[in-house]
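My entries follow in the order of looking.

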Amino acid sequence: MRATFLCVLLLLALSSSSQATRESKTAFAAPFSPTLPSPRRSLRGAAGMVLSCAPAVEEIARSPWKLGEDHPAARSAKVVEVFRYLEQHPARLSGTEMGYEPSDIMARRKGRSFLDTPALSLTPEDMPTSAPGDYAKLACAALQLACGGLDECHNIVTPLSWDAPTLFGGAPVESEARSEATLLHHLVHLREGQHVGEFGTGWNNSGFWAGALGEHPVLSQAHVAALLLAR
């Protein structure tokens with residue numbers, strides 16, 4: 001389950017990095033640089049777990065949302081629908097304002113493009129696994145974030161990565177997936193960008209979560225892919 005979830009996160013990170021490097025020709029990984037290992041180190045160790053269940057980094061970077069029949073995510077019709085949507089509407093790094101409200105309230109807020117995406121009805125039960133635990137929740141949250149559901153993702157990851165209750169996420173939860181929840185928390189606020197949220201701008205907040213995360217194999221691979229795309 002962990003490997004499947006890391007593949008989803010890798011695709012999310014690479015989709016954003018592909019857009020950024022095409023537009024700026026600079027390394028997408030710059031916001032992450034204080035916590036990233038070197039490119040050489042990122043090809044070894046824990047990063048191998050990601051590569052063991054995903055195509056080569058170069059192939060993912062060129063077409064991050066194409067699913068092969070043997071990809072774990074291809075076993076879920078709803079997930080395939082989301083991936084097809086993302087193939088036509090790639091995740092972007094443009095700043096998106098957040099509401100910091102529970103998901104049922106955000107679902108009634110007019111004018112949100114996320115409400116017209118197939119990820120709106122996506123649930124952890126739709127993830128291609130029968131394993132219990134929080135990884136299915138986070139894989140669902142990653143796809144919702146990729147489709148523009150910043151608040152929906154944020155409401156899932158906050159109790160798994162923050163040790164205080166919130167009105168939108170509820171009470172904190174002890175989880176073995178805390179590292180992955182922290183990574184997604186970082187990506188949520190990176191997508192929030194220049195907008196002012198709960199703790200300054202999204203960029204400022206994302207920096208806090210990057211520091212809390214430290215190294216992670218998904219960011220290592222995203223770093224390598226960004227450098228390849230920027231060549």
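**Cysteines.** I looked up the sulfur of Cys-140 and found the closest cysteine sulfur in Cys-153, 9.1 Å away, which is too far for a bond. A disulfide is a covalent bond between the sulfur atoms of two cysteines. I used the criterion of a pair of cysteine sulfur atoms within 2.5 Å, and by this rule I count zero disulfides. I then checked burial, where buried means under 20% relative accessible area, exposed over 50%, and partly exposed in between, with a 1.4 Å probe and protein chains only. Cys-140 has a relative accessible area of 1% and is buried. Cys-147 is at 6% relative accessibility and also counts as buried.

**Model and conventions.** I note that this is a predicted model, in which local features need pLDDT of at least 70, side-chain atom pairs count only at pLDDT 80 or more, and totals for chains, interfaces and linings use all residues. Residues are numbered from 1 along each chain as its sequence is written, and side-chain values use heavy atoms, with hydrogens and water left out.

**Confidence.** pLDDT is the predictor's confidence in each residue, from 0 to 100. I read a chain mean of 74, with 64% of the residues reaching 70 or more. A contact means heavy atoms within 4.5 Å.

**Whole chain.** I took helices (H or I, at least four residues) and strands (E, at least two) as DSSP runs, numbered from the N terminus. The chain has 11 helices and two strands. Along the sequence I read the pattern α-α-α-α-α-α-α-α-α-β-β-α-α. The chain has 231 residues, of which 51% count as buried. Of the contacts with a separation of 6 or more, 72% are between residues 24 or more positions apart. By the Shrake-Rupley method with a 1.4 Å probe, the chain exposes about 10,600 Å², and carbon and sulfur atoms supply 53% of that.

**Helix 7.** I compared its length with the expected span, which is 1.5 Å times one less than the number of residues. Helix 7 has 12 residues and reaches 16 Å from its first C-alpha to its last, close to the 16 Å expected. Of these 12 residues, 11 are buried, including Tyr-135, Cys-140 and Gln-144. Just after helix 7, Gly-148 has a positive phi of about 100°.

**Helix 9.** I made the same check on helix 9 (residues 178-192): its 15 residues should span 21 Å, and the end C-alpha atoms are 21 Å apart, which agrees. Gly-193 follows helix 9 and has a positive phi, near 65°.

**Salt bridges.** My criterion was a side-chain nitrogen of Lys or Arg within 4 Å of a carboxyl oxygen of Asp or Glu. The structure holds four salt bridges, and I looked at the ones below.

- Asp-126 and Lys-78 meet at 3.6 Å, N to O. Asp-126 is in the loop between helix 6 (103-106) and helix 7 (135-146), and Lys-78 is in helix 5 (residues 77-88), 48 residues apart. Asp-126 is buried at 17% relative accessible area, whereas Lys-78 is partly exposed at 33%.
- Glu-152 and Arg-112 meet at 2.8 Å, N to O. Glu-152 lies in helix 8 and Arg-112 in the loop between helix 6 and helix 7, so the pair ties together parts 40 residues apart in sequence. Both Glu-152 and Arg-112 are buried.
- Lys-137 pairs with Asp-134, with the closest N and O atoms 3.6 Å apart. Lys-137 is partly exposed at 39% relative accessible area, and Asp-134 is buried at 14%.

**Glu-152.** Which residues does Glu-152 touch, not counting those up to four places away in sequence? I listed Ser-103, Met-106, Arg-112, Phe-114 and Gln-144. The relative accessible area of Glu-152 is 6%. I also noted that Glu-152 and Phe-168 are 16 residues apart in sequence and 9.4 Å apart in space, C-alpha to C-alpha.
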